Amino acid sequence: MNARSLPVGASLDSPDPVLERVPAKDPHNSSQGEERKFLAHQPILLDKLSNSFRREVVNRSFSMKAANRNDEDLENGMSEKDTEKSVRSNKAVTVHNKALLSGVAYCISSCSMILVNKYVLSSYDFNGGISLMLYQNFVSVVVVSSLRLFGIISTEPLTWRLVRVWLPINVIFVGMLITSMFSLKYINVAMVTVLKNVANVITAAGEMYLFNTTHDSRVWTALFLMIISAITGGITDLSFHAIGYTWQIINCFLTASYSLTLRRVMDTAKQVTKSGNLDEFSMVLLNNTLSMPLGILLILLFNEVDYLSRTPLLHLPTFWLVTTFSGFLGLAISFTSMWFLHQTSATTYSLVGSLNKIPLSLAGIFLFHVSTSPENSASIFFGLLAGVFFARAKMQDKSQTRS
């Protein structure tokens, strides 16, 4: 009998059945030498039997565990590949949900900001546009400073070198906000969104003149459609107001100037910061902090102090509630835009911003009961589609330039 014929149920400590059948020693037996030779090989036989048995038990144990794992996977209806696919699918769904959530948050905050400002300036008939801008920026400074104080965010310290570099573009930033307030008081929301497309035309022309940037035919076609929609929209606007349109045209020039100079100023500002970087939170704090003294100066120049001392609106708690809410919305736009850009890309951000003007225009018309004609509605819709077409053309233009 060899080692493979050892019964499975035999104990490792029990005597070998083969050895039990060995005859007892007899000194008078003529085969004593053969018996001694056989007995001398007993330890070797025991080692072979024992080692072979252990290997077989261990192999069977491993095979049984593997079989159990396979059975569990089969019972669950899932293999290793299916598990990996499930994990990847969960990650993809999570990323997609974050991108969707950030996009919705950005759209809601940006639309709400314009609608609330329109409500404060028109429904309350508030004539202190500069004061409203100053209060909103003050709310932003308080919130960002509080978040930095509690260690939730970190911002760059406001050094004199950084202030000197950033001050020129901050003047443009303040002018952009104030002219937007003035135009929004006299023009309905839908026409403001269409007229803002003129800023894209000025920006494109500035890129050609300053940076020698070339645009393809699709971009120029979209820009031409924007100009046509702005002209026809103004002609057919039943609530046309010359002062409002003047402020909006100035706003378009300031917006284009801000876009053209921001990147260059940011690169210069990064060189004078301690960390060599300037994130979105630092930009929000820097812009809004520097706007405070400039806003106070403009309030004095436009004599809004006299108006603020006479208006009864400052005694209404609801007015303060709405204006404070608008300040939080202004800050929310900065945070949600940064979140949305982090989850997607600049091209997606631009396209969603253009699409966002469509529900904003519709909401402005219905919420403020704007009287429109079919021609004016068609020009507004035409201008909104031109904005979407412009965003897509810019995306394709950038992709071809990179390739």
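# Salt bridges, core and surface patch

The side chains of R218 and D216 form a salt bridge, with 3.0 Å from N to O. The model is predicted, and it holds 3 salt bridges.

**The R218–D216 pair**

- R218 is partly exposed, at 27% relative accessibility.
- D216 has a relative accessible area of 17% and is buried, because buried means under 20%.
- Side chains of opposite charge can pair when their charged atoms come close.

**The K185–D125 pair**

- A salt bridge joins the side chains of K185 and D125, at 3.1 Å from N to O.
- This pair links distant parts of the chain, since the two residues are 60 residues apart.
- K185 belongs to helix α6, whereas D125 is in the loop between α4 and α5.
- K185 counts as buried at 18% relative accessibility, while D125 counts as partly exposed at 47%.

**The R310–D306 pair**

- The side chains of R310 and D306 meet in a salt bridge of 3.2 Å, N to O.
- Both residues lie in helix α12, which covers residues 304–310.
- They are 4 residues apart, or about one turn of the helix.
- R310 is exposed, with 58% relative accessibility, because the cut-off for exposed is over 50%.
- D306 is partly exposed, and its relative accessible area is 35%.

**The nonpolar core**

- The largest nonpolar core has 56 residues.
- Those with the most contacts inside this core are V120, F126, I130, W166, I178, Y258 and L262.
- Helix α6 (residues 160–186) gives the most to this core, with 12 residues.
- In soluble globular proteins, nonpolar side chains tend to be buried together.
- Beyond its neighbours within four places in sequence, V120 is in contact with D125, F126, L132, F319, V322 and T323.
- D125, one of these contacts of V120, is also the salt-bridge partner of K185.

**The surface patch**

- L100, V104 and I108 make a nonpolar surface patch of about 270 Å².
- I108 is located in helix α4, which runs over residues 80–123.
- I108 has a relative accessible area of 52% and is therefore exposed, because exposed means over 50%.

Key: Residues are numbered from 1 along each chain as its sequence is written. This is a predicted model: local features need pLDDT of at least 70, side-chain atom pairs count only at pLDDT 80 or more; totals for chains, interfaces and linings use all residues. Side-chain values use heavy atoms; hydrogens and water are left out. Patches are made of residues with over 30% relative accessible area and no salt bridge: like charges are joined within 9 Å, nonpolar side chains (Val, Leu, Ile, Met, Phe, Trp, Tyr) within 5 Å. Accessible areas come from the Shrake-Rupley method with a 1.4 Å probe; for residues, only the protein chains shown count as cover. A salt bridge is a side-chain nitrogen of Lys or Arg within 4 Å of a carboxyl oxygen of Asp or Glu. Buried means under 20% relative accessible area, exposed over 50%, partly exposed in between (1.4 Å probe, protein chains only). A nonpolar core is a set of buried Ala, Val, Leu, Ile, Met, Phe, Trp, Tyr and Cys residues joined through side-chain atoms within 4.5 Å. Contact means heavy atoms within 4.5 Å.
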